[in-house]
Amino acid sequence: REVLYGAYCGGTKPGMRCVKKGDWKLIQYYETGRHELFHLSEDPGETTNLAEAQPEKLMELARKLFEWQG
């Protein structure tokens, strides 16, 4: 199952858009373009950013976000 959403949090929290597919979750921050990638079944607290270690998965989910934004 895929879940796509975007949110803008004012104040000290940056806006972000996210995609979740299976056990994977990708967060992209509006202001910086920074990515955070998590494997939720192994890291439910989202403490280990796998963006650099899993570039193929990052690109797969980033494409989903790009397509969703149209």
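A polar contact is defined here as a pair of N or O atoms within 3.5 Å; within protein, one atom must be able to donate a hydrogen and the other to accept it, and residues adjacent in sequence count only if both atoms are side-chain atoms. The structure is a predicted model, in which local features need pLDDT of at least 70 and side-chain atom pairs count only at pLDDT 80 or more, while totals for chains, interfaces and linings use all residues. Residues are numbered from 1 along each chain as its sequence is written, and side-chain values use heavy atoms, with hydrogens and water left out.

The protein chain contains one helix and four strands, taken as DSSP runs (helices H or I, at least four residues; strands E, at least two) and numbered from the N terminus. From that terminus on, the order of elements is β-β-β-β-α. Of the 70 residues in the protein chain, 31% are buried, that is, under 20% relative accessible area with a 1.4 Å probe, protein chains only.

Strands β2 (residues 16-21) and β3 (residues 24-29) are paired in the antiparallel sense over six bridges; pairing requires that DSSP find at least two bridges between two strands. Two residues separate β2 and β3 in a hairpin, and Gly 22 in the turn has a positive phi of about 60 degrees. Lys 21 lies opposite Trp 24 in β3.

Trp 24 is also among the residues touched by His 39, together with Asp 23 and Leu 50, when residues up to four places away in sequence are not counted; contact means heavy atoms within 4.5 Å. His 39 belongs to strand β4 (residues 35-39). His 39 counts as buried because its relative accessibility is 13%. The side chains of His 39 and Ser 41 are joined by a polar contact of 3.3 Å.

Methods. Buried means under 20% relative accessible area, exposed over 50%, partly exposed in between (1.4 Å probe, protein chains only).
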